[in-house]
Amino acid sequence: MFRYYLKLGTLSIRANPILSILMVAAIAIGIGACMSIVTVRHVMSGNPIEHKNDQLFHVQVDNWNPDDPYEDPDGAPEQVTYLDATALFNAGRAFRQTTSFKTSRVVQPSGDDARPFQEESRATTADFFPMFDVPFLFGSGWDRSSDETQEQVVVLARELNEKLFGGEDSIGRTLMLNDEVYRVTGVLDNWNPVPKYYDVNNNPYEAPAQIFLPFSVAIAGNYDNSGNTSCWKPIPDGTGREGFLASECIWIQMWVELQNESARQDYMAFLDAYVEEQKLLGRFPRPLNNHLRTPAEWMEYNEVVDDEVDVLLSLAVLFLVVCLLNTIGLLLAKATRRSKDTSLRRALGASKAELFRQHIIEAGMIGIAGGLLGIVMTWLGLRGIENVFIEYDFIQNLVRMDWSMVMLAVALAVVSALGAALYPIWRTCNITPANHLRLQ
Amino acid sequence: MLTMNNVSKVYRTNTVETHALREFSLTVEEGEFVSVTGPSGSGKTTFLNIAGLLEDLTSGTYELDGRDISKLSDKERSNVRNQKIGFIFQSFNLIPELNIFDNVDVPLRYRGFKADERKRRIEEAIEMVGLGSRMSHLPAQLSGGQQQRVAIARALAGEPRFLLADEPTGNLDSHMANSVLDLLDTINEAGTTIIMVTHELSLADRAKRNIFVRDGQVSDSAPELHLASLAAG
């Protein structure tokens, strides 16, 4: 009977083209509006490192002002000081650990005609790459020994490698950055995690850096931090860079990889012990307030998904509901128009259940058509969002529609259509056949 | 066998109560060809709708082949309609977007027959009404008489025990009406019980038994008198 109902559905849609088109359009517009926002929210709330979510932890220690917490009521700072970053890193108590900060370098390409240009960079440590499963097109990250010896090595993003070396395997080749020579050890494959979970403090939606180089080299070379820096104690005048590094200013992101719950507990105990020790030296005036948060917890803590997005999502869902109410009205009109056909089928032996199946399959067909058109509407909606926010270079990272969103659009359309069809179908199934067959 | 005892049907609105049938009692034996006549509003069509399980009765009892219809579930009533009753309507009630073959196929689909069995029954029924060459035509491509023949084929394809006809020739000219009546005679001779509601005395006369309905009841008077009164007025 399923194929028979499909045939009847097709005939019915053809027999009432205007009503059918209006229903498909109402569903598609509602789905398009809703899915555009759902897609953006889906991208914003995604966890690109979900497969390692229970092994990676962002480190927080509370070195802040005793009279004024970093964030009310008792939030710990989101980044760490250079003092703590180096102390915790050098302790080496985690399976892997990485410290990093955002900086920028001037790239000086070889060749007479090539002009220097500035590129966003990340100073980090060797473990960054294996910890975050960063994919490589050529080579790999540098060794831990390069961190220790401050070796001038560099990992390039694929795009920059295309620009500088025509996309060739550039391992071992050299590159001038701010008048210093660096050796390429690796070229990343396409890698654009959204949100940029490892540094949500500096716009979690912007693309990753084009250049990765050793943290120790950046410190020794006095590279500026181009990310956020927060201080609660003034840096003594005239102390310069040394004063900044010795200050209570926070500007470094620190992550550790811990392979199991026991390791997590051990590391937490280590953090507590470290802070207690620092208290004896006159630092960390606030009560113990250390945290290890997984990437998912870290993004939620930082409210990577803005509340405004949820408000927008609510409005989009309401709009979908309005579209579905219109669809219900259209379905009721169609049911009234077809009451004679329905009555005849009842007279010829169709039970209410048979009629329900026939009409719900037709509603499903309308839903699928609405979903497919809804995908197009969603795509248009995303392009609209992209155009409105074109001045933000990260917007392209938020308006990407993946297969899960495509499937969700169709599923939502079908469920919406079925939901909208329930009342009209219930009325259809419960008509008294004689009332409509009597008309002659 | 169809038996109605003291059947009443009342239509109620907020302000009005209309008694379409009042203590209506009738028995129709297997193989009969019964015509039901009466003035407009007398309750003929209501009787036919209740007999065909298209409407519920308000009180009384209705047994079809010994089963109390009021105790059946929706699915059981649908099965009875599908397997035991065939309908012929004045306005044919063919589904315009389905061709002749598919129109006749409708009740057989709900019967659950396999495709080859359905095909055999459909072709036989359409051949029987003389439209074997028109199976792929749409209803709009046929004359009124041909459409009514398709409706008869649809009613017969399931080999029902009862054929309920509501003014089956009401929309046809006399030539087509007679041809439809000839067909009903043939069907009745083959053993199918026919109950036909009609205004036309000449058609009622062709039935083996005439029932006259007035004010929602079967009249006690002799049918001949009623037919005569109809003819006079």
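Two residues are taken to be in contact if their C-beta atoms, placed from the backbone, lie within 7 Å. The structure is a predicted model, in which local features need pLDDT of at least 70 and side-chain atom pairs count only at pLDDT 80 or more, whereas totals for chains, interfaces and linings use all residues. Residues are numbered from 1 along each chain as its sequence is written, and chains are lettered from A and ligands numbered from 1 in the order in which they are written.

In chain A, residues A:Tyr5, A:Leu6, A:Leu8, A:Gly9, A:Ser12 and A:Ile13 of helix α1 meet A:Arg357, A:Gln358, A:Ile361, A:Glu362 and A:Met365 of α13. This contact of α1(A) with α13(A) comprises 6 nonpolar, 3 polar and 2 charged residues (Ala, Val, Leu, Ile, Met, Phe, Trp, Tyr, Cys and Pro count as nonpolar, Asp, Glu, Lys and Arg as charged, and the others, Gly among them, as polar). Helices (H or I, at least four residues) and strands (E, at least two) are DSSP runs, numbered from the N terminus. The axes of α1(A) (residues 2-15) and α13(A) (residues 352-388) come within 9 Å and cross at roughly 60 degrees; axes are lines fitted to C-alpha atoms, for helices over the stretch in contact, and angles run from 0 to 180 degrees between N-to-C directions. The two helices α1(A) and α13(A) are therefore oblique to each other, given that angles under 35 degrees count as roughly parallel, over 145 as roughly antiparallel, 65 to 115 as roughly perpendicular and the rest as oblique.

At the contact between the chains, chain A contributes 21 residues and chain B 23. On the side of chain A that touches chain B, α1, α12 (339-347), α13 and α15 (433-437) each supply at least two residues, and the largest share, 4 residues, comes from α12(A). That side of chain A contains 12 nonpolar, 4 polar and 5 charged residues.
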